[in-house]
Amino acid sequence: MEVRVQNIRKEFGRFPALNDVSLDIRSGELIALLGPSGSGKTTLLRLIAGLESPTEGTVYFGNEDASRKSVQQRNIGFVFQHYALFRHMTVLDNVSFGLTIRPSGRRPSKADIRQRALELLDLVQLSGLEKRYPAQLSGGQRQRVALARAMAVEPNVLLLDEPFGALDAQVRKELRRWLREIHDRTGHTTVFVTHDQDEALELADRVVVMSKGQIEQIGTPDEIYDTPNSPFVFGFIGQSNILPVRVENGQLWIADRSIGVSAQGEPDGPAQLYFRPHDIELLDGNGGCIAGLVTVTRRVAGTRHVELDIGGANSRVEIELPPEKVTSDHSRVAFRPTRWKLFRD
Amino acid sequence: MTARTASLWQFRQPSVIPGFGLALGVTLSWLILIILIPLSGLAWRSSALGWSTFWALATDQRTVNALRISFGTAFVAALINVVFGVILAWVLVRYRFPGKRIIDAMVDLPFALPTAVAGIALTTLYAPNGWIGSLLAPLGIKIAFTPIGIVFALVFVGLPFVVRTVQPIMEEIDKEVEEAAATLGANRFQTISRVLLPGLAPAVLTGFALAFARGVGEYGSVIFIAGNLPYISEIAPLLIVIRLEEFNYPAATAIAAIMLMISFVMLLIINTIQAWSRRRYGYGA
């Protein structure tokens, strides 16, 4: 089901947690809310769920105004970071819970409930563990039970709050791939909150980058990474370098040197140059480049990270080179960004 | 030699936490000194009675009635305490209100107050000419000097046991568990009855056991409000004292031994249920 958030504002006391946020979530989409802590991403998720009520604004499920509905009536699935399983119930009872508490008119028969719960446990690859108690499961298994429990009620939308946050790196990676598979198989509209950009970029159809209670950018992982539309997004997603530059006659200048980058159509004046460490080309010449002395080199997996001191204030940049390119400390390296963006204050 | 010792002491696993031997030694000596010696004295004295004497004393109608009143009132009082103790603990854990700290402190008063004072205070209130008793008397309800009065006194002394055992477990309940129930469609009543209370069961059971045990052994507060009519409102501990004052030591010993056995069996059952549920739900270690 599609979910629309319209002009939502939320204040806790007098502290604004969300400020005029609007978001359209398409049916069947897997969407990530990404941002640093305090950016309002969890608050937005809880507002969609109905666990918080907005100070202003509306949430639509399909064409229906869900804002007036209680969390119980919204029929959503919610997965918490710390699982929130019912620990006095077996795995099977946990998964069945949402169905067994329905009023008798809408409640499936006992056999049907059991059948459905077992199917879901099979889907989350926990067959055979239905008689266990949550205390007897590992963290990854508990989170899968939580997901099965949330899906049992055929939710309009599946909401996951930092679902892998409490798990270790290995399990996390595995569950990530597995969540994508489940989503593709079941087609639930899914929103998940994360502060881990890798998770968001790898998993989501679209990523919503949030900061300070506002949405900075909405886009596919490619759009977010390749064409960030604000300094915040550029800085928050992936690695980036920031250099103060000057635009003069369609050319970029650092101090009194032209760096050989043409910026046609940009008005003259000071600006901030943003570029990623790997979006560069190495040069031999003296003119029309950024040049600096190597201060630190680090080998990171398949690339070599080189830190350069290019002189002047705020003058450290990091670039990525192929590992076979060996640079010694204090040697001179010249380069030019091939893909970049200018932001002005 | 070490190999032999190891085979003799197999339950003792090598551990990084030292002092097991010393700690166990101290624990056992202490238990023997404080609990086992007095109780075995009791068992020895009652076994000296001989089976037929013991049986005759045990089945004496006054003794049977006293035991029934003691265990019955303690049971009812512990049940009442479970209901209201859980509600009280809930209020203390969940809500913030002015005077909360005072109420929290008041819960412990029955621990500290001499129970005789409590008994006298309750009697003054509930006696037919007391504040509350005088209001109830025209309705034909008598509280003081009946088993109901005993229950009142035992509710008073037992309350903190339930509150103080349930409270810490309640504080541990994650708000997220309730929210999870709500997202799955559970209304407030379903959340409480199917999610929260079953999760509290082990703690509630402990509180019940403690309040019950306290109630069975309670003396000071009860003797004032009970009226102590033989066969009607006379509790077993009082009957023991009466027998002692009559220098009827065999009868006193027999009643004590029966109380001991019933209490021990009941506590054992409760503890077993509780240990089982704890293990299953993964509370504690």
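Arg46(A) and Glu179(B) form a salt bridge, with the closest N and O atoms 2.6 Å apart; the term denotes a side-chain nitrogen of Lys or Arg within 4 Å of a carboxyl oxygen of Asp or Glu. The model is predicted: local features need pLDDT of at least 70, side-chain atom pairs count only at pLDDT 80 or more, and totals for chains, interfaces and linings use all residues. Residues are numbered from 1 along each chain as its sequence is written, chains are lettered from A in the order in which they are written, and side-chain values use heavy atoms, without hydrogens and water.

Between chain B and chain A the count is 1 salt bridge. Helix 10 (175-183), helix 11 (188-217) and helix 14 (249-281) of chain B each supply at least two residues of the side that touches chain A. Helices here are DSSP runs (H or I, at least four residues), as are strands (E, at least two), numbered from the N terminus. Helix 10 of chain B gives the most to that side, with 8 residues. The residues of this side of chain B divide into 10 nonpolar, 6 polar and 6 charged. In all, the contact (heavy atoms within 4.5 Å) takes 22 residues from chain B and 23 residues from chain A. The two chains bury about 2,100 Å² between them, 61% of it on carbon and sulfur atoms. Buried area is the accessible area (1.4 Å probe) lost when two parts are put together, summed over both.

The largest nonpolar core has 101 residues. Such a core is a set of buried Ala, Val, Leu, Ile, Met, Phe, Trp, Tyr and Cys residues joined through side-chain atoms within 4.5 Å. Buried means under 20% relative accessible area, exposed over 50%, and partly exposed in between (1.4 Å probe, protein chains only). Phe86(A), Phe97(A), Leu159(A) and Met170(B) have the most contacts inside this core. Its largest share, 13 residues, comes from helix 4 (residues 61-94) of chain B. Beyond four places in sequence, Phe97(A) touches residues including Phe86(A), Leu184(B) and Val195(B).

Helix 1 (residues 41-49) of chain A has 8 of its 9 residues buried, so it is largely enclosed by the rest of the structure. Arg46(A) is one of these buried residues. Just after this helix, Gly50(A) takes a positive phi of about 95°.

Over all chains the count comes to 31 salt bridges. Glu29(A) and Arg206(A) meet in one of 2.5 Å, N to O. Glu29(A) lies in the loop between strand 2 (15-25) and strand 3 (30-34) of chain A and Arg206(A) in strand 9 (residues 206-211), so the pair ties together parts 177 residues apart in sequence. Both Glu29(A) and Arg206(A) are buried.

In chain B, Glu234(B) pairs with Arg62(B) in a salt bridge, the closest N and O atoms being 2.6 Å apart. Glu234(B) sits in the loop between helix 12 (220-226) and helix 13, and Arg62(B) in helix 4, 172 residues apart. Glu234(B) and Arg62(B) are both buried.

A network of salt bridges links Arg172(A), Arg176(A), Asp196(A), Glu199(A) and Glu202(A). Arg172(A) is found in helix 6 (residues 169-186) of chain A. This arginine, Arg172(A), counts as buried at 17% relative accessibility. For the salt bridge between Arg176(A) and Glu199(A), the closest N and O atoms are 3.9 Å apart.

Methods:
Ala, Val, Leu, Ile, Met, Phe, Trp, Tyr, Cys and Pro count as nonpolar, Asp, Glu, Lys and Arg as charged, and the others, Gly among them, as polar.
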